[in-house]
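User: I would like to learn how to read a few features of a structure like the one shown here. Could you take me through them slowly?

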Amino acid sequence: MSTRSRLTGWACAVAAGLIPVVLLGCVGCGGRDSLWPDDKRPKVVVSFAPLYCFAVNVAGDDAVVKNMMGATGPHDFQPTDTDARLVRHATLFFVNGLELDTAKAEALKKGSGNTNLRVVALGDKIPESCLKKGVCYHMLKSGEPEHDHGWDPHVWLGPDQAVVMVEAIRDELKKDDPSHAPDYDRRAAEYVAKLRKLKADGLDMLKDKKDHVIVTQHESLGYFADAFNLKVIGVVQQKPGSEPTRSELDKLVKDCIDNHARLLAVEPQFSPQAADTVIKELRRGGVPDADKVEIDPLETCRPDELDAGWYERKMRANLEALARAMK
């Protein structure tokens with residue numbers, strides 16, 4: 001199911017239940033909230049962990065940055081009372097955009113009563129020439145027309161796209177806090193340099209590898225694959241968290257054999273059971289070295305792990321895991 005389809009269903013739930021919950025979360029909130037320091041710095045909320053790293057590296061001590069999503073990622077997130085309180089007193093709300101989390105952010109803003117809050121969809125700042133269309137991997141039913149999956153929203157996994165998002169954060173903070181504009185410029189430039197080095201180091205790790213064709217857990221690694229010269233030829237799960245049908249598994253096994261793909265990139269957020277089944281079928285079908293490698297799409301994060309360096313550490317861990325698994 002596309003991100004657009006998931007949001008259509010979620011929008012119906014908003015009308016039925018979300019807004020009352022958000023409004024309830026604001027009852028009793030005075031002018032000051034213990035979730036935020038009592039000072040004049042910009043108060044920034046981000047939707048999930050990669051955006052936290054982008055924002056906090058630009059903000060430094062000149063703005064306060066709070067992350068909203070933790071163990072639940074943007075595909076399945078449902079706001080809580082605490083989220084409503086965060087939004088009510090924030091000045092900026094950075095989201096990924098590209099139909100992934102914008103609707104939820106706008107609903108939170110509306111329910112909070114914070115009319116001054118600016119919701120900024122960072123992915124929407126990326127030029128279309130640097131975006132990827134969502135790929136349709138599922139089998140069309142007889143007579144079913146081809147359909148548009150919209151833009152692939154997983155832009156944070158591409159270092160080049162991440163640079164654009166960081167620079168957009170810099171520009172928005174400068175608007176809110178022009179007195180610290182030189183500091184935002186400096187810190188953004190320093191972090192962009194780290195992102196460019198991350199990409200260069202990753203390409204160097206994988207430059208001598210031969211099997212650059214992979215299968216992914218769900219449609220999440222398109223930008224990552226483009227950045228590091230990989231080719232994704234299929235997905236295990238058409239929808240994150242849903243198991244494939246027998247016919248989908250059979251098609252995936254055939255595609256792997258036809259395209260000489262031996263590696264399946266599994267995600268720590270989901271069970272590897274279906275991937276294990278594909279690997280067994282591949283080994284029986286003449287691919288004895290079929291294997292899986294864990295690649296984290298960075299959609300979820302334990303709060304105690306999240307700091308300014310989390311994104312770089314996780315991306316490097318992904319690249320190192322790939323380098324070990326590839327031949």
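**Reading polar contacts and burial**

Analyst: From the side chain of Asp-211 to the backbone nitrogen of Lys-327 the distance is 2.8 Å. This is a predicted model, in which local features need pLDDT of at least 70 and side-chain atom pairs count only at pLDDT 80 or more, whereas totals for chains, interfaces and linings use all residues. Residues are numbered from 1 along each chain as its sequence is written, and side-chain values use heavy atoms, with hydrogens and water left out.

User: Which side chain does Asp-211 join through a polar contact of 2.4 Å?

Analyst: A polar contact is a pair of N or O atoms within 3.5 Å; within protein, one must be able to donate a hydrogen and the other to accept it, and residues adjacent in sequence count only if both atoms are side-chain atoms. Here the partner of Asp-211 is the side chain of Arg-262, at 2.4 Å.

User: Is Asp-211 buried or exposed?

Analyst: Buried means under 20% relative accessible area, exposed over 50%, and partly exposed in between (1.4 Å probe, protein chains only). Asp-211 has a relative accessible area of 11%, so it counts as buried.

User: How does Leu-319 count, at 0% relative accessibility?

Analyst: Leu-319 counts as buried, because its relative accessibility is 0%. Contact means heavy atoms within 4.5 Å, and, leaving aside neighbours within four places in sequence, Leu-319 is in contact with residues including Leu-198, Met-205 and Phe-228. The C-alpha atoms of Leu-319 and Lys-199 lie 9.7 Å apart, although 120 residues separate the two along the chain.
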